[in-house]
There are 2 protein chains.
Amino acid sequence: MAAARFDILGIGNAIVDVVARADEAFLSKHDMRKGAMALVDAAAAEKIYAAMPPGQESSGGSAANTCAVAAGLGAKVAFLGKVADDQLGGVFRHDITAAGVAFPTPALSGGAPTARCLILVTADGQRTMNTFLGACVAFGESDVDTDLVADSAVTYLEGYLFDPPAAQAAFRRAADAAHKAGRLVSLSLSDAFCVDRHRAAFRELVRNHVDILFANEVEICALYETEFDRAAEAARADVALAALTRSENGSLILRGAETVAVPAASADVIDTTGAGDAYAAGFLAAYTSGRTLAACGRLGSLAAAEVIAHYGARPQSDLRVLLTNLPS
Amino acid sequence: MAAARFDILGIGNAIVDVVARADEAFLSKHDMRKGAMALVDAAAAEKIYAAMPPGQESSGGSAANTCAVAAGLGAKVAFLGKVADDQLGGVFRHDITAAGVAFPTPALSGGAPTARCLILVTADGQRTMNTFLGACVAFGESDVDTDLVADSAVTYLEGYLFDPPAAQAAFRRAADAAHKAGRLVSLSLSDAFCVDRHRAAFRELVRNHVDILFANEVEICALYETEFDRAAEAARADVALAALTRSENGSLILRGAETVAVPAASADVIDTTGAGDAYAAGFLAAYTSGRTLAACGRLGSLAAAEVIAHYGARPQSDLRVLLTNLPS
């Protein structure tokens with residue numbers, strides 16, 4: 001098979017994050033589940049924003065974060081996702097392009113505005129997210145360039161893509177094109193409540209279409225509706241490679257009979273937004289450059305540690321040194 | 001005289017900052033003067049933005065930053081400045097309102113977009129700014145509510161207001177209204193190159209219309225075209241009260257024959273954007289609550305230390321504790 005032009009092609013929601021600090025009382029008052037992502041409509045987003053403290057805007061989106069981090073680590077990366085032709089769409093396009101990620105998806109004209117995610121960060125560093133999908137709902141099958149998929153070693157899909165209705169079809173088109181070209185498909189489960197909303201579809205996909213699965217403890221337990229050890233074994237049976245993250249307890253990597261436990265990298269936690277996205281980025285950047293599973297997990301942990309040490313899900317320091325210093 | 005409804009009324013450019021890290025080579029390549037603010041047109045702003053690394057957006061503007069910090073310290077604050085009715089204008093309005101600042105100026109419709117300032121932060125924490133004034137050029141005399149001015153103990157004006165042509169007239173209208181009502185007028189010189197562009201007008205204003213002057217070392221030297229000690233004495237002769245900041249060497253406060261030297265507060269410098277704005281906020285918040293000059297300078301230093309310890313010019317922690325713990 002020919003070498004792929006891209007190591008990683010991410011497909012996901014194209015979102016601008018609005019990050020502000022809040023206390024637990026704010027979460028309760030607005031009926032938010034701490035640590036979770038909730039979908040909100042335009043009116044609810046307006047209402048939450050009006051009540052929020054002053055914020056900082058930066059580009060987000062789960063798979064888009066993964067792409068930005070992976071590019072920062074030196075991987076060749078492209079991203080597909082839908083913004084509107086508005087100011088926040090311009091911010092998203094600038095940031096992902098400036099991060100070194102190819103972003104060919106045209107902007108939506110005359111429809112919903114660019115998606116935003118209102119993120120409340122509590123003193124313990126936990127993030128609680130409220131997403132208005134906006135232009136993301138216009139992302140569909142026709143936005144999936146199958147030649148691009150065929151030219152990417154791994155096509156990486158975020159679980160949140162199951163929320164906008166048309167994106168599920170795009171997801172399947174991408175997975176089919178990847179496998180037809182002999183490439184790999186990777187999926188992140190994204191969020192336990194997202195898994196709850198789409199459990200049957202997720203189970204079918206994981207079993208039949210996914211080669212590399214990313215999930216945290218709560219998500220993998222939600223997928224298989226059981227406790228962690230059993231869920232991990234179910235994942236081992238369903239996919240060729242699974243990387244299960246457990247916050248400060250590191251990650252567990254399963255491939256056939258092989259099991260690799262990787263410790264977390266130390267970090268002063270300021271804001272956990274994007275921790276899982278960064279882990280997947282480090283893992284896939286190492287994996288697509290032929291590293292051992294232990295090295296893949298280590299680079300995932302190091303990338304996550306960088307991102308949780310500051311507000312925002314995109315890296316704020318030069319990541320190339322992480323890959324350079326990585327033991328094989 | 002009746003008690004004022006507001007302690008501080010800020011008037012300035014309403015700007016959204018786009019902050020990114022850059023090295024010295026980037027500044028040279030784009031002909032930027034390190035540490036300075038340059039005015040750029042829409043085309044130049046586009047060109048610089050396209051070349052910039054991924055950024056973080058947050059509300060800025062010199063007087064607006066001062067207002068946000070002062071409100072965080074517990075002062076009663078209002079702000080006048082012009083945004084457009086676009087997404088970034090919405091961000092600016094949300095942030096200043098959520099900071100507790102009254103912001104009555106209507107947004108501009110159908111004109112230039114909301115102003116933005118492209119800020120490159122080098123490894124030493126210095127910020128280099130490129131401002132596209134956008135909707136700010138539409139701010140004029142009619143935007144100055146003289147009743148609001150009369151109801152504010154101090155009207156605080158940023159020197160950058162001398163750049164948009166119509167704002168100088170607004171500036172004079174505000175200063176006249178303040179003095180007619182027996183209130184105080186305060187001015188920040190903002191930037192040495194801004195002083196160079198408008199030196200004659202600045203000198204006339206400082207001498208005849210300003211009660212409280214803020215400037216850093218380079219700015220006060222630019223105003224009087226002489227070295228610091230002589231410039232400080234010229235300021236002492238021209239205004240009732242001058243607060244001159246000298247970065248890590250603290251500040252010098254001059255009032256008639258009185259001279260108070262205040263040490264800088266310790267901080268790990270990440271990004272100096274907004275240091276002077278925060279100093280003025282702390283100073284005026286203490287001054288309008290009747291504190292000594294030493295306490296005014298101390299609160300200025302503490303507020304500046306909070307702001308330079310992170311990216312962005314608006315506070316990221318609860319500032320009320322600074323005022324609570326301030327020695328008289």
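# Two chains, one axis

Tutor: Chain A has 13 helices and 13 strands. Keep in mind that this is a predicted model.

Student: What makes a run of residues in chain A count as one of its 13 helices or 13 strands?

Tutor: A helix needs at least four residues and a strand at least two, as DSSP assigns them. Take α11 of chain A, residues 275-287.

Student: How do you know that chain A agrees with a compact globule?

Tutor: For 328 residues, a compact globule would have a radius of gyration near 20 Å. Chain A has 18 Å, so the value agrees with the rule. The C-alpha trace of chain A spans about 50 × 40 × 40 Å along its principal axes.

Student: Now the pair of chains. Why is the relation between chain A and chain B called a two-fold axis?

Tutor: Chain A is superposed on chain B by a rotation of 180 degrees, with 0.0 Å of shift along the axis and an RMSD of 0.0 Å. That is the relation of a two-fold axis.

Student: Which residue of chain A comes closest to the rotation axis?

Tutor: A:Glu57 does, with its C-alpha at 2.4 Å.

Student: What makes you say the same surface serves both copies?

Tutor: 100% of the contact residues of chain A recur in chain B. The contact takes 20 residues from chain A and 20 residues from chain B. To be in contact, two residues need C-beta atoms within 7 Å.

Student: Which elements of chain A supply at least two residues each to the side that touches chain B?

Tutor: β4 (56-59) and α4 (87-98) of chain A do. α4(A) gives the most, with six residues. By class, this side of chain A has nine nonpolar, seven polar and four charged residues.

Student: Let's go to the sheet in chain B. Why are β5 and β13 of chain B said to stand at the edges?

Tutor: The strand order in chain B is β5-β1-β8-β9-β10-β11-β12-β13, an open sheet of eight strands with mixed pairing. β5 (77-80) and β13 (258-262) of chain B each have a single partner strand, so one side of each is left without a neighbour in the sheet. Neighbouring strands in this sheet are turned by 15 degrees against each other on average, direction ignored.

Student: How do you know that β10 and β11 of chain B pair?

Tutor: Pairing takes at least two bridges. Strand β10 (residues 212-216) and strand β11 (residues 241-245) of chain B are joined by five bridges, so they count as paired. The two strands run parallel, and B:Ile212 stands opposite B:Leu241 in β11(B).

Student: What holds the strands of a sheet together in general?

Tutor: Strands pair through backbone hydrogen bonds, either parallel or antiparallel.

Note on methods: Residues numbered from 1 in each chain as written. Chains lettered and ligands numbered in written order. Predicted model: local features only at pLDDT ≥ 70, side-chain atom pairs only at ≥ 80, totals over all residues. Nonpolar A, V, L, I, M, F, W, Y, C, P; charged D, E, K, R; others polar. Axes fitted to C-alpha atoms, helices over the stretch in contact; angles between N-to-C directions. Least-squares fit on C-alpha atoms with pLDDT ≥ 70 in both. Rg over C-alpha atoms; globule rule 2.2 N^0.38 Å.
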